[in-house]
Amino acid sequence: MAEIIIRAIEQGGYLGIFLLMALENIVPPVPSEVIMGVGGVLVQRGTMEFWPLLLIGTAGTLAGNWFWFWIGETFARNRLEPFVERWGRWLTMEWEDVEKAQSYFKKHGHWVVFVLRFSPFLRTIISLPAGLAHMPKWKFAVFTFAGSLVWNALLIKGGEWLGHWLADSQEWLGYILLGCIAVMLVGYVYRVLTWKPRAER
């Protein structure tokens, strides 16, 4: 199973990496840790190159975050809040989360966009309040790209190291890969099942 996932990403090439990384920031259960980690394994195997993988994967991250930034910038709060409250279960967020992210954004400014690239949940949601606050587009792009570049480089190097360390033990690599996917999916399902609107708490 793990080898099938690795082969699928390998066959998709750099375009596949770009699309998966964009989706990772739009669809909650798609984990960048697995995508770029597998990319690192492929770098170790010699079927991908580090710099093209890093730059294209980071461009995909920026594209996915730009979606939420555009939503925040284009639609006023009175239109966004009902949407988030209605679909919050599947987005695994609610308007209270957006308000908390807005508070972080107002307190720390554009640097929070950079720093939260290392947070599994907040790295996506921060793009929405950044758009609502009409953060300059160039500044949002620069800080998102820079933070994502560092995070993705760490993931690739981690996958590269893992692939080298387990070069003679492919079954362990499979278990680790499947374990990461399972943890991400279980976490997402748990959030969906336990999520409640504020009125029901």
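Predicted model: local features only at pLDDT ≥ 70, side-chain atom pairs only at ≥ 80, totals over all residues.
**View 1. Helix H3 passes helix H9 in a right-handed crossing.** H3 covers residues 50-74 and H9 covers residues 137-165. Their axes come within 8 Å and cross at roughly 140°. That angle makes H3 oblique to H9, since only angles over 145 count as roughly antiparallel. What kinds of residues form the contact of H3 with H9? They divide into 14 nonpolar, seven polar and four charged. As background, a pair of packed helices is described by the angle and the distance between the two axes.

**View 2. Helix H2 is largely enclosed by the rest of the structure.** This helix runs over residues 32-45. From first C-alpha to last, its 14 residues reach 20 Å, close to the 20 Å expected at 1.5 Å a residue. Eleven of the 14 residues are buried, so H2 is largely enclosed. Among the buried ones you can look for Ser32, Ile35, Met36 and Leu42, and also the glycines Gly37, Gly39 and Gly40. Just after H2 comes Gly46, with a positive phi of about 90°.

**View 3. Asn25 sits in the loop between helices H1 and H2.** H1 spans 2-24. Is Asn25 buried or exposed? Asn25 is buried, with a relative accessible area of 0%. Which residues does Asn25 touch, leaving aside its neighbours within four places in sequence? Asn25 is in contact with Thr61, Gly64, Asn65, Trp68, Arg117 and Thr124.

Note on methods
Residues numbered from 1 in each chain as written. Heavy atoms only, no water. Axes fitted to C-alpha atoms, helices over the stretch in contact; angles between N-to-C directions. Helix = DSSP H or I, 4+ residues; strand = E, 2+ residues; numbered from the N terminus. Parallel < 35°, antiparallel > 145°, perpendicular 65-115°, else oblique. Left-handed = near helix turned anticlockwise from the far one by under 90°. Nonpolar A, V, L, I, M, F, W, Y, C, P; charged D, E, K, R; others polar. Expected span 1.5 Å × (residues − 1). Buried < 20%, exposed > 50% of the residue type's maximum accessible area, 1.4 Å probe, protein only. Contact = heavy atoms within 4.5 Å.
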